[in-house]
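Here is a short report on aromatic rings, charges over rings and a helix crossing. Please keep the structure open while reading.

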Amino acid sequence: MITALCQEIILRRSEISEYQPINTIYFGGGTPTVLSVNELQQIMNTIYENYTVSKNPEITVEANPDDLTEEKIDQLAISSVNRLSIGIQSFFEEDLKLMNRAHNAQEALDCLSMATNTFENISIDLIYGIPNMSISRWKENIERALDFDIPHISCYALTVEPKTALETLIQKGVVSKIDDELAQQHFEILVDTLEKEGFKHYELSNFGKPGYFSKNNTAYWQGKEYLGIGPSAHSYNGKQRSWNINNNTKYIKALLENKLPKEIEELTLKDRYNEYIMTGLRTIWGVSIQNIEREFGDTYKKYLLKQAQKHIQEHLLSLEKDTLLVTKKGKFLSDGIASDLFLVNLD
């Protein structure tokens, strides 16, 4: 797999100009820490040998608490990695069991104690809207995260995926259904608490202290190009979206034959408009009316302003100079608002 990953990196070097330095390298997909630090470094060395990398790139590794031993953290600290993203999810045992997580509450606390002694730039994930999670327990989850002085926190509403143990428990009545009203209360408490603690709510699910916004995710939301390496990885170049085959064996076989196992989709003007609306409204940067006119034309601009009007009247959106922004009242509903601004057909 490592050989195949490195070969894909080499084969795709023409997709990024040497005059376009790479600012962020992200090892994600859940558990890249199953690789040794030497293996991670081998991949990074291949990137540096074949691409222009900026002087101080953000290099993130995702990890679960049960993967981060003290030895592993120390090894990562002496590598090129300078940021950790840790899937804490909750500091409470009952929540972790409900979500079928591999780690327990003590491991969550222990790994953060070790990681914060070594890394300054750390992000953690927390989940809200968990069935039977009281307001007080959610507040305590946030407070425990703040106790570690974490500079970046990502929070997501619990979703029930089909054919999972959680879906089965809900169908049998063992676990309560997802309560959207409770999830909204959790979200509002989260926003108020973190903003008081100096975090900037720069994207719907992400909160960062000044200087600690995720460069990797910010690039997605601002529509910048990115290259995804590995099975199932997606890439985007502004006009096309591509994705690799989702089978490890077939992926490795293709790369060993110097073939790129990917499919490519040409994005229409409508596709690109809808993506810009979807990502832009989730952020503090909003949607630029000027950009809409320049990139998509006057017809798209008029359509957007017409569709946005009712949300502006309901104080869910605001138009500040040239920029359309979601208000504090509209934040929890931003995905639904965005879909209302999507273009389906232009008659």
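Y202 counts as buried because its relative accessibility is 0% (buried means under 20% relative accessible area, exposed over 50%, partly exposed in between, with a 1.4 Å probe and protein chains only). The model is predicted: local features need pLDDT of at least 70, side-chain atom pairs count only at pLDDT 80 or more, and totals for chains, interfaces and linings use all residues. Residues are numbered from 1 along each chain as its sequence is written, and side-chain values use heavy atoms, with hydrogens and water left out.

**Aromatic pairs**

The structure holds 11 aromatic pairs. Rings of Phe, Tyr and Trp (its six-membered ring) pair if their centres lie within 6.5 Å; planes under 30 degrees apart count as stacked, over 60 as edge-to-face and the rest as tilted. Two of the pairs are tabulated here.

| Pair | Centre to centre | Angle between planes | Type |
|---|---|---|---|
| Y202 and W285 | 6.3 Å | 70° | edge-to-face |
| Y273 and F296 | 5.8 Å | 85° | edge-to-face |

The Y202 and W285 pair links distant parts of the chain, 83 residues apart. Y202 is in strand 6 (residues 200-203). W285 is in the loop between helix 11 (269-280) and strand 11 (287-288). Helices (H or I, at least four residues) and strands (E, at least two) are DSSP runs, numbered from the N terminus. W285 counts as partly exposed, at 33% relative accessibility.

The Y273 and F296 pair also links distant parts of the chain. Y273 is in helix 11 and F296 in helix 12 (residues 289-296), 23 residues apart. Y273 is buried, at 0% relative accessible area. F296 is buried too, at 12%.

Elsewhere, ring pairs link Y128, W138, F187 and F332 into a cluster.

**Charges over a ring**

Which ring does the charged end of R137 sit over? It is that of F92, with the charged end 5.7 Å from the ring centre. R144 lies over the face of F92, at 4.8 Å from the ring centre. A charge sits over a ring if NZ of Lys or CZ of Arg is within 6 Å of the ring centre and within 35 degrees of the ring normal.

**Helix crossing**

The axes of helix 13 (residues 298-313) and helix 14 (residues 334-341) come within 9 Å and cross at roughly 140°. Axes are lines fitted to C-alpha atoms, for helices over the stretch in contact, and angles run from 0 to 180 degrees between N-to-C directions. Helix 13 is therefore oblique to helix 14 (under 35 degrees is roughly parallel, over 145 roughly antiparallel, 65 to 115 roughly perpendicular, the rest oblique). Residues of helix 13 including Y303 and L304 meet I337, D340 and L341 in helix 14, where contact means heavy atoms within 4.5 Å.
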